[in-house]
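I opened this notebook to keep track of what I looked up, one topic to an entry.

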Amino acid sequence: MVWVNALIQGILVGGFYALFACGLSLLFGVMGIINLAHGDLAVIAAFVALTLAPAAHVPMVWSFVLVVPLFALGGYVLQRTLLQASLNRSPFTTLLVTFGLSVVIENVLLEVFTSNGQSLNIGTLIADSFNPTTTISVPYLSLVVLVVAVVVLGSLQLFLSRTRTGRMIRAVADDREAAQLSGANYQHLFGIAAAIAFATVALAGLAYGMYTEFSFDAGTANLLFAFEAVVIGGIGSLWGTLVGGIVLGIAQQVGGQINPAYQILAGHLVFLAVLVVRPRGLFGVRAAA
Amino acid sequence: MPAGTLAAPPAPTAPAATGGWLVRRGSRLPAWLLAVLALGCLAVLAALPALVSQADTQLLVNFFVLLVMSVMWNLLAGYAGMVSIGQQAFIGLGAYGVLVLAMNGVPTIASIPLAALVAAVISLPVSLVVFRLRGGYFAIATWVVSDTAMLVISSVSAIGGGTGHAVPGLASLSPRAFGRVTYYAAFVVVVLAVGGAYALLRSRLGLVLAAVRDDEIGARSAGARVLRARRVVFVVAALGCGAAGALLAVSQLQVQATAVFSVQWSAEMIFVTLIGGIGTMEGPILGTIVFYLLQQNLANEGAWYLIIFGTLAVAIAIWAPKGIWGTLERRLGLSLFPLTHRVGPVAGTSRPPRSPGRPTPHVERGPGAGARSGP
């Protein structure tokens with residue numbers, strides 16, 4: 001029965017990884033940016049909620065109302081300035097710039113918030129769960145996050161395929177020059193894509209802060225998990241990312257069931273195995289290599 | 001170099017006469033002056049332990065360690081277009097290599113080259129996996145590999161598990177003798193790393209890398225074995241980082257997994273290279289000097305040195321992608337480690353239309369801008 005529980009927990013945490021990863025996927029798919037500061041942005045979101053929600057007398061559960069629009073705006077501005085400037089150089093430069101940002105963000109967080117662990121206090125909600133049997137426990141928070149992940153991925157899919165802006169973003173991603181000739185303002189569209197990506201990473205960061213204790217350097221591990229979810233699922237497939245997240249989550253939970261020290265290691269090994277056996281991922285549309 | 005790396009072009013080190021023009025590798029500075037400068041630097045560095053304090057000797061060892069790492073990262077990213085954020089995997093393997101060898105009675109100094117070799121050998125199967133991804137995905141994959149290596153090593157309790165283990169062997173030396181031993185070990189590794197990187201870049205393989213950097217498709221169609229060239233660089237970089245990690249273990253007499261496998265090593269080597277000048281031999285040297293000056297001045301300010309240094313690196317990557325040395329080099333036309341080819345008149349033929357004193361266009365382009373990343 002503990003294995004069934006591990007499976008269920010894996011699926012739940014997989015939803016969280018997918019939520020984390022979809023911003024990473026979007027930035028790469030549209031602009032070709034691998035945002036190495038992605039995990040750290042989520043941690044910023046958690047710290048912003050920690051500071052802002054009490055000040056604004058907003059219950060922590062509703063902090064996303066404040067943080068998500070703020071992050072969307074921040075994403076747009078960062079894309080139009082720093083990220084666009086580095087994109088104009090080369091993809092190589094964006095990689096170095098986002099890595100630099102990641103290190104700077106972590107150390108600024110360390111200086112401002114110290115190395116103490118923090119958590120977003122949502123009261124008794126954290127403990128509430130649905131218990132079909134004595135060994136299986138489904139926390140409502142995890143369930144909500146999984147549902148949010150599915151809704152976010154679904155809306156993103158609909159947005160990109162059905163709306164005018166979404167189609168223009170895809171056009172710019174496919175062939176920037178042709179899209180520009182047809183009147184698309186690619187810098188503005190990149191900004192919108194970044195705003196959406198930042199909004200999703202803010203959601204992920206808040207979920208993370210509600211789940212567990214976080215500190216300044218939590219971004220790194222989350223970046224790796226998000227990235228593993230993307231690659232396992234297949235680069236370029238949004239629903240693949242969800243499956244990748246779930247596969248990673250299950251691997252970690254099963255590994256952790258064998259020995260708590262093997263939790264993260266098991267995830268890494270599954271990721272490396274996928275790279276060896278099926279480099280384009282489970283649902284990849286094209287080879288990654 | 002084994003034959004067959006590049007299809008047609010003649011070896012460039014021999015001056016090739018092309019109808020009154022001479023294409024020659026070199027700096028505007030005469031070769032004898034560069035040789036004197038190099039020997040002078042080596043002599044000063046060799047004499048330093050006798051001149052400076054024990055604390056400064058330790059500082060110089062750390063300086064050498066970071067310099068070796070930066071030279072290796074520069075080879076990877078600046079010349080082979082591969083942004084690795086997982087070089088700490090090989091630093092950690094080198095450090096643990098020294099620990100395991102020392103625990104088994106191998107003399108500590110002898111264990112440094114062996115540990116570096118272990119890191120290089122392990123990098124070969126690693127390259128088979130991570131080379132399946134390109135660009136940023138390659139970068140994060142190397143990071144996953146280093147995290148995996150850390151987790152595996154932390155779970156082995158015989159070598160200290162997560163808490164680390166002291167390196168036996170050198171602890172019995174007097175502080176002064178210990179300082180000297182570690183200094184000269186680090187000195188030898190630095191000379192080999194810088195000299196080896198320079199020799200590698202002047203070899204046929206260096207030509208392949210330059211060709212790939214300028215035009216990958218063109219280089220491939222001319223028969224350049226791109227993947228193999230990148231694999232060689234990856235293994236060499238692992239060897240160098242393994243040696244750097246081995247030096248860390250020897251000089252600190254203590255190995256701890258989260259410290260030696262820390263991504264901060266990658267951050268430092270990347271920032272140093274970017275600031276000094278990526279894709280130049282001089283860049284990592286200059287960058288390491290800048291880094292240590294800054295770190296010493298901000299020693300009491302916690303993490304601020306990394307914040308300032310990181311911000312500087314980001315700004316340089318965007319607005320001055322050739323770094324400090326690259327910018328200087330373009331202005332002055334100087335090069336201390338001549339890699340580029342220069343065009344000049346052949347002695348005895350008619351004077352070419354261009355004045356020989358004027359800075360001539362470099363045949364090789366700088367990396368970074370336009371360079372493709374990933375294998």
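The entries below go from the ground rules to an interface, a helix and a set of salt bridges.

**Ground rules.** I am reading a predicted model, in which local features need pLDDT of at least 70 and side-chain atom pairs count only at pLDDT 80 or more, while totals for chains, interfaces and linings use all residues. Residues are numbered from 1 along each chain as its sequence is written, chains are lettered from A in the order in which they are written, and side-chain values use heavy atoms, with hydrogens and water left out.

**Interface.** I looked up where the two chains meet and found 49 residues of chain B in contact with 42 residues of chain A (contact means heavy atoms within 4.5 Å). Chain B and chain A bury about 3,800 Å² between them, 82% of it on carbon and sulfur atoms; buried area is the accessible area (1.4 Å probe) that two parts lose on being put together, summed over both. On the side of chain B that touches chain A, α5(B) gives the largest share, with 13 residues; helices here are DSSP runs of H or I with at least four residues, numbered from the N terminus.

**Helix α6 of chain A.** I asked which residues of α6(A) are buried, and they are Gly166(A), Ile169(A) and Val172(A), where buried means under 20% relative accessible area, exposed over 50% and partly exposed in between (1.4 Å probe, protein chains only). They cover an arc of only 125° around the axis, which puts them on the same side of α6(A); the arc is that of the directions from the helix axis to the C-beta atoms. The face turned away from that side carries the exposed Arg164(A) and Asp174(A).

**Salt bridges.** Arg134(B) and Glu216(B) meet at 4.0 Å, N to O; Arg134(B) lies in the loop between α4 and α5 of chain B and Glu216(B) in helix α8, so the pair ties together parts 82 residues apart in sequence. Glu216(B) also pairs with Arg220(B) at 2.7 Å, N to O, and with Arg230(B), the closest N and O atoms being 3.9 Å apart. Shared partners join Arg134(B), Glu216(B), Arg220(B) and Arg230(B) into one network. Glu216(B) counts as buried at 5% relative accessibility, whereas Arg220(B) is partly exposed at 42%.

Methods
Helix = DSSP H or I, 4+ residues; strand = E, 2+ residues; numbered from the N terminus. Salt bridge = Lys/Arg side-chain N within 4 Å of Asp/Glu carboxyl O.
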